[in-house]
Amino acid sequence: MSAPAARPPITVRLLDIFRIGPGPSSSHTVGPMRATGMFRRRLIARGVVPARLQVELRGSLSATGHGHGTDRAVLAGLAGQHPEDVDPDAFHALAERLGRDPSIEWGGHRVRLHPDDVVFDRSRDTSPQHLPHPNTLVCRAFDGNGALIHEEAWLSVGGGFVQTIGDESGKRKAPSAPVAPFWNGESLCEQARIHGGLGGVVLANERAWEETSGALEAGLDRIWTAFRTCVARGLRHTGQLPGGLGVLRRAATMQAQLQAGRVEPSYRIIAQAQAYAYAINEENAAGGIVVTAPTNGAAGIFPAVLLEAAERLGLSRDQVHRALATGGSIAMVIKTHASLSGAEVGCQGEVGSATAMAAAALCEILGGDIDQVERAAEIGLEHNLGLTCDPIKGLVQAPCIERNAMGVAKAWSAAQLALNTGEKGIVSLDKVIRVMKRTGDDMRREYKETSEGGLAVNLPEC
Ligand code: SF4
């Protein structure tokens with residue numbers, strides 16, 4: 001009998017699951033912005049000063065890039081803006097400024113960059129040479145004679161994660177072997193019995209990897225503050241969302257209904273979390289600063305469930321950090337064995353994953369044991385299997401905002417079902433993740449963030 005294949009431990013970092021950046025999409029806004037930012041830094045580090053730059057968007061980035069602000073994002077990355085600390089006003093003003101004055105600072109030089117240098121490739125060629133991933137972008141630099149001097153293909157693989165093809169220089173070093181190794185849901189639960197819960201596993205690894213003492217805690221505090229700031233902004237803003245779909249912001253109205261006692265008492269807890277989810281997703285749709293949790297399109301579910309629970313139950317800083325780590329551990333396993341990207345597996349990878357993360361964290365907060373926490377995540381994901389990605393007009397508004405609110409309700413139900421139904425279920429988290437991957441592979445491309453299927457093409461009144 002042959003020896004079992006080696007199973008490399010998961011080394012995805014917690015603060016890479018939760019990335020702060022502008023909306024509306026982690027794979028179509030944050031990822032492309034990071035990719036072109038890295039392209040810029042690599043060229044400047046090598047002393048390359050092009051005369052002109054160009055970025056070609058392919059696949060889903062081309063199909064829904066306008067609605068997702070991908071063009072704005074790649075310009076911002078090339079101009080040296082960073083998703084995590086960009087001023088939203090400077091981010092939104094850049095394209096207009098480049099239309100009037102098409103040049104950017106480039107390591108002490110000026111380089112030409114015009115909004116028309118972002119090219120949307122409309123080809124439906126899905127051969128691996130043309131489209132190594134549904135979210136592919138090609139960055140090019142030209143000399144003064146118009147000759148190509150450098151080209152890099154980048155992939156935005158979901159949740160703000162990016163990869164380049166071929167050139168490994170500048171790639172972040174993989175962390176050392178984890179102190180609490182896990183490679184799937186089952187081994188995560190085994191380690192959780194040693195390290196005091198799923199979140200305890202991730203925190204043990206992160207603390208061992210930490211280069212500066214306190215950096216992890218500071219990073220988690222920043223994430224928590226970003227969640228709260230985003231909700232506060234979303235509850236303040238009213239009016240219509242941009243993009244021409246005519247979608248109204250509703251979070252403020254929902255909050256007013258709650259404060260006036262007009263929500264049926266048995267529904268108040270979920271209604272409060274749903275108002276928070278609306279606030280976050282409306283900020284995201286408007287291009288505000290949000291946190292990938294695990295993506296921008298599905299950014300509302302996890303923080304909304306956590307914020308509501310934290311306010312009502314008075315969670316301590318340590319409990320909040322542990323909840324972030326528990327939710328993060330579920331995203332790490334899903335990312336490793338399936339995908340967090342709507343362009344790869346449909347919305348089951350975004351809203352499904354976020355629901356599983358929130359269900360697991362809430363179940364743990366409410367006193368669930370390790371098996372119940374795993375089961376909560378499994379239920380949260382299982383009942384999103386097959387969910388397609390079909391944003392109308394390529395905007396992360398309909399069905400996305402309401403879908404996050406439904407995700408909140410599902411996460412609550414999943415946590416409660418796991419706590420109240422006793423026995424372990426017949427479907428494990430690992431099994432449901434495998435099924436999600438296969439379902440995503442079988443899904444036609446029309447249903448994977450192309451706006452060519454589902455609601456995106458069956459709403460004649462739009
Ligand atoms: S439908 Fe789902 S996966 Fe697609 S953009 Fe909206 S939230 Fe993301």
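In which loop is Pro-24 found? Pro-24 is found in the loop between strand β1 (20-22) and helix α2, where helices (H or I, at least four residues) and strands (E, at least two) are DSSP runs numbered from the N terminus. This is a predicted model, in which local features need pLDDT of at least 70, side-chain atom pairs count only at pLDDT 80 or more, and totals for chains, interfaces and linings use all residues. Residues are numbered from 1 along each chain as its sequence is written.

**Domains and their contact**

- The chain is divided into domain 1 (26-164) and domain 2 (185-456), with bounds that come from an automatic or database domain assignment.
- Between the C-alpha centres of domain 1 and domain 2 the distance is 29 Å.
- Domain 1 gives 19 residues to the contact and domain 2 gives 25 residues; two residues are in contact if their C-beta atoms, placed from the backbone, lie within 7 Å.
- On the side of domain 1 that touches domain 2, the elements giving two or more residues are α2 (26-45), α3 (60-63), α4 (65-68), α6 (88-100) and β7 (148-158).
- Of these, α2 provides the largest share, 4 residues.
- That side of domain 1 consists of 5 nonpolar, 14 polar and no charged residues; Ala, Val, Leu, Ile, Met, Phe, Trp, Tyr, Cys and Pro count as nonpolar, Asp, Glu, Lys and Arg as charged, and the others, Gly among them, as polar.

**Surroundings of the ligand**

- Around the ligand there are 14 residues, of which Gly-297, Gly-342, Cys-347, Cys-389 and Cys-400 come nearest; a residue is near a molecule or strand if its C-beta atom, placed from the backbone, lies within 6 Å of it.
- The shell around the ligand comprises 8 nonpolar, 2 polar and 4 charged residues.

- Ala-251, Met-254 and Gln-255 are buried in helix α10 (residues 251-259); a residue is buried if 20 or more other C-beta atoms lie within 10 Å of its own, exposed if 12 or fewer, and partly exposed in between, with C-beta atoms placed from the backbone.
- These three residues are on the same side of α10 because they cover an arc of only 100 degrees around the axis, the arc being that of the directions from the helix axis to the C-beta atoms.
- An α-helix has 3.6 residues a turn, so residues three or four places apart point the same way.
- The buried residues of α10 pack against α9 (215-236) and α11.
- After α10 comes Gly-261, with a positive phi near 70 degrees.
- Helix α11 (residues 268-285) has 18 residues and spans 25 Å from its first C-alpha to its last, close to the expected 26 Å, a value given by 1.5 Å times one less than its number of residues.
- Of the 18 residues of α11, 15 are buried.

**Backbone features**

- Most residues other than glycine have a negative phi, and most peptide bonds are trans.
- The peptide bond from Gly-23 to Pro-24 is cis, with omega near 10 degrees.
- Ala-293 and Pro-294 are also joined by a cis peptide bond, with omega about 5 degrees; Pro-294 is in the loop between β9 (289-291) and α12 (301-313).
- Lys-393, which is not a glycine, has a positive phi of about 60 degrees and is found in the loop between α16 (370-382) and α17 (400-420).
- Lys-393 is partly exposed, with 16 other C-beta atoms within 10 Å.
- Ser-451 has a positive phi near 55 degrees and lies in the segment after α18 (429-442).
- Ser-451 is buried, with 22 other C-beta atoms within 10 Å.
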